[in-house]
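Please open the structure in your viewer and keep the selection tool at hand.

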Amino acid sequence: MKRQFILIALLGVAGMASAQTKFQPQDTEFYEPVPRVVSTKANAAPSDAIVLFDGTNLNAWVSDKDGSTSPQWTIANNTFTVKPGTGGIQTKQTFEDFQLHIEWKSPELIKGEGQGRGNSGLFLQGIYELQILDNNNNKTYTNGQAGSIYKQRPPLVEARKAAGEWHTYDIVYTAPRFNKDGHLIKKGTVTVLHNGVLVQNNTELEGTTEFIGLPKMKAHGAGPIGLQDHGDLVSFRNIWIRPL
Ligand code: MG
């Protein structure tokens, strides 16, 4: 109702303006609706965010292998680390559109190369992989490097850090929309800042991020945030999400 009111008011003002041919400054100044207040502090989740990892436990997560509520990944020093072979983890809660912050690092001890070095992944709605990979002089296919939408879209640039240093991903995600018959109405989009640098700019998701073969578009509803066990000791910290 408020939006309609503003639109009608704006059109009314525009009509008046065309009659009078001149706007006053206040004619285009709105005082409602008033944005909600969110308090912020450096290196902390905004006050309205859902904290998915606060450094102490994985209570917000389940194992994606067997759904168990105590994922075996290792927690230490306010971080947690993949426990290879135990499978990925995903949030208990599911999400549609959101803003997400996550910090990750590949192991200091460099082992393997290409896709075999510091590989994990962040699954948007449990389906679309934003790649996590050691990007310190680690050659691989570009649509599989850190910051890529896996096998779909390379990052705009490589926001490189040395192995063992913490990376940040700040993500704005809009879920794809499907009609009641399961047909795609609007593709999902994702914007990603990697270490503060834009690497995906409103990128359209073409479908599932397959290791082999082309993306598949499948209708779905809300989904979890997933993290991949790719056998490497990738660590995570400071994870929070704001449903939009
Ligand atoms: Mg991966």
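In what follows, a donor is an N, O or S atom within 2.8 Å of the metal (3.2 Å for Na, K and Ca), and since water is not among the atoms, sites may look incomplete. This is a predicted model, in which local features need pLDDT of at least 70 and side-chain atom pairs count only at pLDDT 80 or more, while totals for chains, interfaces and linings use all residues. Residues are numbered from 1 along each chain as its sequence is written, and side-chain values use heavy atoms, with hydrogens and water left out.

**Stop one: the magnesium ion**

Select the magnesium ion and look for Asn119 (OD1), Ser120 (O), Glu129 (OE), Gln131 (OE1) and Gln228 (OE1), which coordinate it at 2.2 to 2.3 Å. Along the sequence, these donor residues follow the spacing N-S-x8-E-x1-Q-x96-Q. Asn119 lies in the loop between strand S6 (98-105) and strand S7 (120-124), and Gln228 in the loop between strand S14 (226-227) and strand S15 (235-243), so the pair ties together parts that are 109 residues apart in sequence. Strands (E, at least two residues) and helices (H or I, at least four) are DSSP runs, numbered from the N terminus.

**Stop two: Gln228**

Now select Gln228: is this residue buried or exposed? Gln228 has a relative accessible area of 16% and is therefore buried, where buried means under 20%, exposed over 50% and partly exposed in between (1.4 Å probe, protein chains only). If you show its contacts (heavy atoms within 4.5 Å), leaving aside residues up to four places away in sequence, you will find among them Trp73, Val82, Gly121 and Phe123. The C-alpha atoms of Gln228 and Gly121 are separated by 5.0 Å, although the two residues are 107 residues apart along the chain.

**Stop four: two asparagines**

Most residues other than glycine have a negative phi, and most peptide bonds are trans. With that in mind, select Asn195, in the loop between strand S12 (189-194) and strand S13 (197-204), whose phi is positive, near 55°. Finish at Asn202 in strand S13, which has a positive phi of about 55° and is partly exposed at 49% relative accessibility.
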